[in-house]
Every structure is written in structure tokens, then in C-alpha cells.
Amino acid sequence: MFSGFDVFRVGISFVIMCIFYMPTVNSLPELSPQKYFSTLQPGKASLAYFCQADSPRTSVFLEELNEAVRPLQDYGISVAKVNCVKEEISRYCGKEKDLMKAYLFKGNILLREFPTDTLFDVNAIVAHVLFALLFNEVKYITNLEDLQNIENALKGKANIIFSYVRAIGIPEHRAVMEAAFVYGTTYQFVLTTEIALLESIGSEDVEYAHLYFFHCKLVLDLTQQCRRTLMEQPLTTLNIHLFIKTMKAPLLTEVAEDPQQVSTVHLQLGLPLVFIVSQQATYEADRRTAEWVAWRLLGKAGVLLLLRDSLEVNIPQDANVVFKRAEKGVPVEFLVLHDVDLIISHVENNMHIEEIQEDEDNDMEGPDIDVQDDEVAETVFRDRKRKLPLELTVELTEETFNATVMASDSIVLFYAGWQAVSMAFLQSYIDVAVKLKGTSAMLLTRINCADWSDVCTKQNVTEFPIVKMYKKGENPVSYAGMLGTEDLLKFIQLNRISYPVNITSIQEAEEYLSGELYKDLISYSSVSVLGLFSPTMKTDFCLLYVFIAKEDFSEAGNYLKGYVITGIYSEEDVLLLSTKYVASLPALLLARHTEGKIESVPLASTHAQDIVQIITDALLEMFPEITVENLPSYFRLQKPLLILFSDGSVNPQYKKAILTLVKQKYLDSFTPCWLNLKNTPVGRGILRAYFDPLPPLPLLVLVNLHSGGQVFAFPSDQAIIEENLVLWLKKLEAGLENHITILPAQEWKPPLPAYDFLSMIDAATSQHGTRKVPKCMKETDVQENDKEQHEDRLAVRKEPIETLRIKHWNRSNWFKEAEKSFRHDKEL
């Protein structure tokens, strides 16, 4: 006899079919406690969240809970937000800590309480709720002994579906729970999150979630182990459903008809068919072979025994295997394979090609923004058993956060223990702590926002991981660089001093420019920037202007701290420096320590944003090696890329020729650069988009990315010298060179409009306009424009420095998405 819950589940497939034809309530209903409890029905499950009032700390959870309404309704589980009102008393509307829980009811009976931190997204909500409802049907185990006991108990009775997921509440866990909801009465589901248990059953690759089908129903001898079939596809609801369908299909089927006309459930599921050709004289041996192949290909292909003697269709006499693909209209293949391994290899190789084609098609349709980056997953897996010296950092809690941060200058890592990126970056953070052990006055701390969400919310942390620096008397500074050890270490080391540095004498300025003043920091910043400003001017307005200019430079230096060393000099003898370095005040002096050069850059504009841009542009190299990290800095210049592709270090003669043309201003309209295919393997994929077949290296290419997409190749039969390059560039300018290809514009755009950060930055910047620098020549002009310019200055000041930081973060992170359009090579 079926229980009410089982009867409902039997009908769930019909309900799902009807979802697309029936209107469904998708919004989260809001009820009073009395109204909510009056809606509960015997045998029906309901998830409720009790709250007194909306607050920032609950807004994210409520958004995810609203997303979970539809999928939980598909399983007959209602969801509600219950507003606690003063007129009604309920034990679920008690203390504030009780309001950080969600409650699962079956009828009026409370089944489970869930801390809201565990319901971190819609997948976690659905997974936890189904897990609670199926606690009698999904056995959670932690050791091999428990698995063996379950296996022994079910031999000869039922089959087992055993799954390993990395954590409870992640998408793979949800997929397993949804499958258990449908198939739980047919199979015994077993779940674990223990890597050691997965390794003990023979799995070598424990990086991803796994699902096994244990064929225990066929086992009559209790001493015999159940056969196990691994599902090789990712753990999604659809893949698990298709896998179980193949497990239900007959292991081996005998047929005596034209293979081209045979259709089985395998073809319907997109799997190929393998026919083992047999004849009466060798029937028994052929059947044993077919069964052996069927077990090896279970879940990958259907296997049939084709009786040649009863077949009217002619089959080549030497053919012993027929292979039929799942695609319609594709003729069958007649093969001569005398080894079982050859049959398996043929099937797997053809399946592999089909999977690659399918993936490529999916890439063309659009990016899968829910798939975690392969490099992040690899990092977490590679270091999963590495014991980190966490004692080198201070673990913060809600009780200790304020006291610790207020007591000393601190670096705080805000991370989430359930997130792969956070755990990967935690390793880099600890590596920094190791390098700084005993040498830094900064206290390195960390706080797990999965455990202390209130603290993270108060610190305006909305995504993970985030590093912030807290210094006494200063606003916290967010780290906006790459998530790696070296970049974070540079940020921390360069923040040991406050910026911009106030230089007080000519001698100190010379020591600053030579690198002697902060020689221990030169390894982290190869360029030092010194702002030169006049101490006084003749008119009151020009005095105000100088004050504003110095203030803007200080703001820019504050924004750039952690990335470049900045200083300011405005003493009475500043003209001595400006004369020595031929710099009209106000100006910047850029000291390139690796080259031993000092350059002067006039400040045509004193907006903080413009100064940041001037310094950022000045930091760019004349002939850089393009890498994943620095491409955005050069890409945003909106100039055609003159790229020298090299399979190793660049030839010194080629470099000298290009640098000579740079200095002679021949290449001002281009961005000259080079790409080392050994350091950046994705370059081969880029070249394949330009050439077919690939030409020999080195190779010089001009790519007009921002206008037309034309690609021009420097003649391979000419030497890369100044004369030949100048002549080639003149032909390009005159339109006498033919392009080798034209890149479609859409291939170079961000994958989604929301990722077009450069356009957003340009739009935001254009709103502020460009203010001309006043010339302190005519007293009357100054008096007439004083008020207007001052008001304009105040308007510009409205944009806080944090806005600049956000823009910089977006600019640097744009490449993480734009780089996907280059990714033709798996190596990157």
C-alpha cells in the first residue's frame, strides 16, 4: 500500500509535464502566522521563513528563496514568507537568532530547522529540503563499512545508486536529490561527501562529483561483490535521468533484422548501437563476447547480438561488428574488429568526437556562466589535501572583528568556505602570510562569511573573496588586483607607507627619483611618480587652482596605492627640479628604475581620474609581452595591435628594430607588442583564426580589432628590419596591402552585455565631461570665471575615491570574461 507521499511522487512526472501548460505562482507569498498555519494540509510539505521586517542581512536570502518557489512547487512543496506581527504570538517569531532559520513542515509537524546560512542559494534550498523529506530513502554514509553493510543487505533484492558530492547544498547534491525524489522507491540511494570513501572503492579521479550504479539485484551469492557502473557525464538532473534509463534497458538483445532499421532506447537517448555479428556455429562464443562488450559499454552504447543466419540483408562476409550512430540518416558501419578492446576504443573515440562537437556548438550558442573556471577547480583539487598553516593568520568572528581591526593595522580576507574561488584564494593568502612571517607590521586576518554573514554585510562585502586593508584614521581600502600571491604581496608591501609621499627637499627628491629612498619597495614597483606643483601663485584663484590640483593628485595617489609609488613636491625650490627635467608646472616626473630613465609628463588636466589615467598610461611598456594579465591595459588603448608571435623569447634584433620605430614615432598609431606561445599557449588558437595552415614563426601580424577587424601579415620572405617595416606600414596606409582575413565583430565582444565593462566605464566617465585648465594670465578672466569654475570643481568632487576603485576593478576583471572569446586552446 502506498503512503500519501508515495502516491504524490508517482504522479510527479505528470505534474512536471503539465507545468508548461498551467500558470504557476512564482512569487514568494507573504502571510501572517495565523494565515500560514491555516494553509497547512496533512501530508503536504511546506517551507517557511519567519521574519519581523526586511533588512539588508536578509535581502539576499529572500531573493534566493523567491527563486526556489517554482522548483519546490514542482515537487508539491509550498514556500512562504511569514511576517511576524505584534498582534499574533508564535514561537517561531521569538529572538533575533531564531529569525535566522527556515522551517520545514509536513502538515502541522515540524520536520527540520535550517540555518539560513546553509541555504545560500536556490540549489542549496532545493537540495536541503528534498534531503530532509527523503531521509528514509537516501542514506548518508561516511565510511566503507556502512557502504558494505548496505550492499550486502540488498544483494538479490534491489540495485543501489551511490553518489559522492563535494558538499551538501551544491548543484550536484540537488541533482542527486531530485533523482532520488523520482526513483527513490525503485533504487536505494546512498550519498557521501567523504573523499576517502570514494577513493576506497577504486576511484582515482576524485576531483569531481561521482555517481555509480551498483548492480546488486543480480547477485545471489552473498560473497560476490556487486558490479559497478560509473556515470561518466557531469552530475545534472537530466544526465542522471538518462543514465538510469540506460541501466533499466536490457543488457543484451538478440535481433535478426536490418541494423539500419533497428531502434532501441539507446538511440532515443542519443547513444550509438553496437551489433556483434553471430552465426549458428559460433553462437555461444559470440554471445559471451557480446555480454562482455555490453558490460564494458554499459551507459555508453547499446549492444545487440545480430544473427547472420536469420538475416535477409547482406552483410560483408568478413565484417563481425556493425556500428550504428545515434544521428538519423547516417549509414551503419561494417567493421572487422577481432579484439574486444578495439570495439570499446572505436565506440569511445567516436563518442569523444561527438561530445567535443556538442561542446563547441554550445559555446557558439552562448557562454555557460554557471560553470566554474577550470583553473580554479584544478587549484582546489590539486591542493585539497595540503595542510595550510592557518595559524599564521588570525581567524575573526563577530565578537572579535571590531576589537582586532581597531587595535592594529590589519589585512582582512573575507571569504566563503563553500565557494571554490574563495578556497583557492585562501591558499594564496596563506602563501603571502608565509612570505611576510616576522617581517610585516600588518596583521593578516580572515573571516568566513558563511559563518559570520552579519559582519560581512556590515563591511559592505557582497561578493567573495575580498581583501580589505584597515588602517587607523583611514577608510578601508579594497584590494582590486589579480587573485594571486605575487599581486597581493605587492599590494601589501606597497601599502607599508602612506601615499603620496610628502617630499621636503631637493636632495630627498633626487633620492626618491633614483630609487634610494624606498629601495626595498622598488622590486614591487619599477616606476616611481613624483608630482611637481608650485607653492604659490599671483592670484587668489590660481592659488585655489594649485590647491585643487595638489588635492586631486593626492586623491589619485591614494587610489593608486598598492600599485605604484607616488610622491609630491611643492617647496619653494620646485623650479630647480622642473628646470632640470624640462617640466612645466604642474607636471609629473616618472622614474623608470629598471631603465634608469626619468621622464616628465605635463598635467594638462588635474581631475583625479585624468591623473590616474595619465599615470596608468605612463606605466605601459613600449614593446610589451602580451599576457593574460596585462592585455586589458593595452586593449583599452583602442589602437590596432602590431603583434610579433614568437615560439620563445623575442629575437633581440627584431625587438631593436621595433623599438627604434617606436622612438621615431612611426608606430604612434599602433600598439606594438609580442606574444610568447610558450608562456601564452592560447596564441596558437588566435593564429589558427588568422591562418590555415599555420605559417612558421616568428610572425608579425597587424590586427585592426576596433575598426573593421582586418588582419594583415608582414611578408614572411622579408627580414624584420626598420626599412622593411616602414615600407610595409606605408603600403598599409595607402591601401596597397590585402588583408588575410576579417574577424567577425561579434567574436571579439564580451559574451554578454552585462560584461561590457569598458563601455560602462566610458559612459560613466563621459557624464563628468572635461574641464579645461585655467590659465593664470588675466586677472579679469579669473574673476569672471571664479565662481563658475569653483562650482564645477565641487560637482566633480562628488565622485568618491571608492567609485574610482570600482571602475578599476571592472576594468581589470573585464578580461576574465573577454578572454573566453580567445579561448580556442584547452591549455589556457
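Which residues of H16 are buried? The close-ups below take up that question and then follow the helix to its partner.

**View 1. Helix H16 and its buried residues in a predicted model.** Welcome to H16, the helix formed by residues 420-436. Twelve of its 17 residues are buried, so H16 is mostly covered. The buried residues are Val-421, Ser-422, Ala-424, Phe-425, Leu-426, Gln-427, Ser-428, Tyr-429, Ile-430, Val-432, Ala-433 and Leu-436.

**View 2. H16 from end to end.** With 17 residues at 1.5 Å a residue, H16 should span 24 Å, and the 25 Å between its end C-alpha atoms agrees with this. Look just after H16 to find Gly-438, which takes a positive phi of about 75°.

**View 3. The crossing of H16 and H18.** Here H16 is joined by H18, the helix of residues 485-494, and the two axes come within 9 Å. They cross at roughly 50°, and H16 and H18 are therefore oblique to each other. Their crossing is right-handed.

**View 4. Where H16 meets H18.** From H16, the residues in this contact are Phe-425, Ser-428, Tyr-429, Asp-431, Val-432, Lys-435 and Leu-436. They meet Thr-485, Glu-486, Leu-488, Leu-489, Ile-492 and Gln-493 of H18. Sorted by kind, the residues of this contact are seven nonpolar, three polar and three charged.

**View 5. The protein chain around the helices.** Stepping back, you can find 29 helices and 30 strands in the protein chain. Of its 828 residues, 48% count as buried. Among contacts between residues at least 6 apart in sequence, 74% join residues at least 24 apart.

Key:
Residues are numbered from 1 along each chain as its sequence is written. This is a predicted model: local features need pLDDT of at least 70, side-chain atom pairs count only at pLDDT 80 or more; totals for chains, interfaces and linings use all residues. Side-chain values use heavy atoms; hydrogens and water are left out. Axes are lines fitted to C-alpha atoms, for helices over the stretch in contact, and angles run from 0 to 180 degrees between N-to-C directions. Helices (H or I, at least four residues) and strands (E, at least two) are DSSP runs, numbered from the N terminus. Angles under 35 degrees count as roughly parallel, over 145 as roughly antiparallel, 65 to 115 as roughly perpendicular and the rest as oblique. A crossing is left-handed if the near helix is turned anticlockwise from the far one by less than a right angle, and right-handed if clockwise. Contact means heavy atoms within 4.5 Å. Ala, Val, Leu, Ile, Met, Phe, Trp, Tyr, Cys and Pro count as nonpolar, Asp, Glu, Lys and Arg as charged, and the others, Gly among them, as polar. The expected span of a helix is 1.5 Å times one less than its number of residues. Buried means under 20% relative accessible area, exposed over 50%, partly exposed in between (1.4 Å probe, protein chains only).
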